[in-house]
Amino acid sequence: MYHCHKFKADEIYRLAENELYTSRFLSIGFCPKCKKPVAEILEFRFDGEVNKEIFSGIDANTIMLCHAEEILCSLTHQNYKKTKSKPYGWVYGINKQLKNGKIKQYAADFYGNKELIKTC
Ligand SMILES: [Zn+2]
């Protein structure tokens, strides 16, 4: 992946194909220089065209959430079942407001794992 400079993706996900693109991948990681989350979409069209898009910071988070349902599997963690008990790899935050006005903050990953971080 590339942001401030080249770095290795933490995770590479295979995404479901759509009408235009037969092979789609989503790479995620943190830029080692500026520490921003970075998401890279790589799509191969049926006619050989390649579409590559890079998002960082809050946009990377948004892109991940947009594509979460299209993730088929992770190419980097073949045995990710082992990690089912805890959010693993790239996580995003979920805030849940309780009836008493308190907010529960969770870290969640794209395998559906959730971990309560704090209640405030
Ligand atoms: Zn950077």
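In the predicted model, strand β6, spanning residues 92-97, is hardly covered: of its six residues, the number that are buried is zero. Strand β6 runs antiparallel to strand β7 (residues 103-108), and six bridges join the two. Within this pairing, I94 has Y106 of β7 as its bridge partner. Five residues lie between the strands in the hairpin of β6 and β7, where G101 adopts a positive phi near 90°.

The pairing extends from β7 to a further strand. Strands β7 and β8 are antiparallel and pair over five bridges, with Y106 standing opposite L116 in β8. Together, three strands form an open antiparallel sheet in the order β6-β7-β8. Its edge strands are β6 and β8 (114-119), each of which pairs on one side only. From one strand to the next, the twist averages 30°. In general, the strands of a sheet pair through backbone hydrogen bonds, in either a parallel or an antiparallel manner.

The largest nonpolar core comprises nine residues, namely Y13, L15, L26, I28, V38, A39, A60, I63 and M64. Two or more residues are contributed to this core by each of β1 (11-15), β2 (21-30), β3 (37-45) and α1 (58-67). The greatest contribution is that of α1, which supplies three residues. L15, one of the core residues, touches R24, F25, L26, H67, E70, I71 and L72 when residues up to four places away in sequence are not counted. Nonpolar side chains tend to be buried together in soluble globular proteins.

Terms used. Residues numbered from 1 in each chain as written. Predicted model: local features only at pLDDT ≥ 70, side-chain atom pairs only at ≥ 80, totals over all residues. Buried ≥ 20, exposed ≤ 12 C-beta atoms within 10 Å, placed from the backbone. Helix = DSSP H or I, 4+ residues; strand = E, 2+ residues; numbered from the N terminus. Pairing = 2+ DSSP bridges. Axes fitted to C-alpha atoms, helices over the stretch in contact; angles between N-to-C directions. Core = buried A, V, L, I, M, F, W, Y, C linked by C-beta atoms within 7 Å. Contact = placed C-beta atoms within 7 Å.
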